[in-house]
Amino acid sequence: MIKSYSLGEIEVQIAEYHKKIAFLGDRDLTVRVMTPDGYESGAKRYPVVYINDGQDVFRDEDILWGECSMDYENYYRSYRRFLPDIIIVALVCPEDRGERTALYSPFTGKPKNGGALILGQGMEYLSWIADEPNSWIDGVYRTRSGREDTGIMGYSTGGLFALCAGLLRPDIFTRVAALSSSVYLWLDRFQELLDTASFDHLKRIYMDVGTNEFGRFTTKEEFLEGAELIYRTCLEKGVSADRIKYNRYPGATHSQLEWKLRFPDALRWIFMDC
């Protein structure tokens with residue numbers, strides 16, 4: 001299904017697809033693809049970004065829970081000239097929050113602060129993205145399909161997944177945006193990945209954290225500690241200051257209202273040099 005709409009003089013299409021995921025019992029996952037203004041009338045090829053929690057990207061009416069969406073449709077209407085020319089692939093998460101956490105978690109185990117066992121499916125999900133949407137999108141849309149022009153983005157557990165995807169699949173992703181990442185949830189396992197992974201391929205990294213964030217499994221102090229760990233490791237691994245942006249937002253909480261304010265800048269940053 002393709003939803004086409006006009007934003008004044010701006011012409012944009014958002015196509016909606018339903019893709020089966022075998023490791024989830026052939027359940028459908030909704031994928032929404034937004035092409036930028038001018039796509040239909042030209043032959044230009046575009047960078048592409050894959051975004052977790054795709055239900056939150058375009059409109060408030062699509063969200064599954066929380067306060068609001070990123071409202072990118074309206075933001076694009078007002079600030080098109082300041083935004084990168086990219087194809088957005090928004091991957092909608094499962095409706096159950098527990099299933100979402102499992103899908104975006106690269107590891108299996110119990111959270112550090114207790115709670116039920118989480119059977120992480122992040123590795124299978126990453127393989128699915130690499131084998132299915134990635135090849136399919138490059139075949140259907142005019143993407144610049146090389147890894148230098150492909151990004152991944154997410155917030156909270158989706159941000160953790162985006163970081164892992166950027167490190168584990170250097171053949172696909174070189175641009176990563178991770179907002180309020182729930183790193184501390186899997187701190188020990190994630191530390192092992194940071195210690196062994198190469199960062200040389202990463203062209204641009206955006207990450208942020210609020211000083212008043214906490215979640216079901218993570219305290220305010222742990223959110224900050226996790227963010228600091230990532231930033232410090234990136235610098236220690238040779239990521240130059242001009243390739244990474246790290247923002248700390250005083251008083252910011254763990255919510256869509258906060259991410260909505262930071263979402264456009266994150267996109268701009270990781271595709272600034274495209």
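What covers the buried residues of H7? I started my notebook there. The cover includes helix H5 (157-168), helix H6 (187-196), strand S8 (204-210) and strand S9 (244-249), where contact means heavy atoms within 4.5 Å.

**Ground rules.** I am working on a predicted model, in which local features need pLDDT of at least 70 and side-chain atom pairs count only at pLDDT 80 or more, while totals for chains, interfaces and linings use all residues. Residues are numbered from 1 along each chain as its sequence is written, and side-chain values use heavy atoms, with hydrogens and water left out. My helices (H or I, at least four residues) and strands (E, at least two) are DSSP runs, numbered from the N terminus.

**Entry on H7.** I checked the span of helix H7, residues 220-236. The expected span is 1.5 Å times one less than the number of residues. For the 17 residues of H7 that gives 24 Å, and the end C-alpha atoms are 24 Å apart, which agrees. I then listed its buried residues (under 20% relative accessible area; exposed is over 50%, partly exposed in between; 1.4 Å probe, protein chains only). They are Glu222, Phe223, Leu224, Gly226, Ala227, Leu229, Ile230, Thr233 and Cys234. Just after H7, I noted that Gly238 takes a positive phi of about 95 degrees.

**Entry on H1.** Helix H1 covers residues 72-79, and its buried residues are Tyr72, Glu73 and Tyr76. Looking down the axis of H1, I see these fall within an arc of 105 degrees, so they line one face of the helix. The arc is that of the directions from the helix axis to the C-beta atoms.

**Entry on S5.** Is strand S5 mostly covered or mostly open? Mostly covered: five of its five residues are buried. Ile87, Val89 and Leu91 are on one side, and Ile88 and Ala90 on the other. I remind myself that in a regular strand the side chains alternate between the two faces of the sheet.

Next I looked up the neighbours of S5, counting two strands as paired if DSSP finds at least two bridges between them. S3 and S5 run antiparallel and are joined by four bridges; Val33 stands opposite Val89 in S5. S4 and S5 run parallel, also with four bridges, and Ile51 has Ala90 as its bridge partner in S5. The chain crosses from S4 through H1 to S5, and this β-α-β crossover is right-handed. That means that, with the strands pointing away from the viewer, the path from the first strand over the helix to the second runs clockwise.

**Entry on salt bridges.** My rule was a side-chain nitrogen of Lys or Arg within 4 Å of a carboxyl oxygen of Asp or Glu. By this rule I get 15 salt bridges.

- Arg27 and Glu99 meet at 3.0 Å, N to O. Arg27 is in strand S3 (residues 27-35) and Glu99 in helix H2 (residues 97-104), 72 residues apart. Arg27 is partly exposed at 39% relative accessibility, and Glu99 is partly exposed at 32%.
- Asp85 and Lys44 meet at 3.2 Å, N to O. Asp85 lies in the loop between H1 and S5 and Lys44 in the loop between S3 and S4, so the pair ties together parts 41 residues apart in sequence. Asp85 is partly exposed at 25%, as is Lys44 at 42%.
- Asp171 and Arg169 meet at 2.8 Å, N to O. Asp171 is partly exposed at 47%, and Arg169 at 22%.
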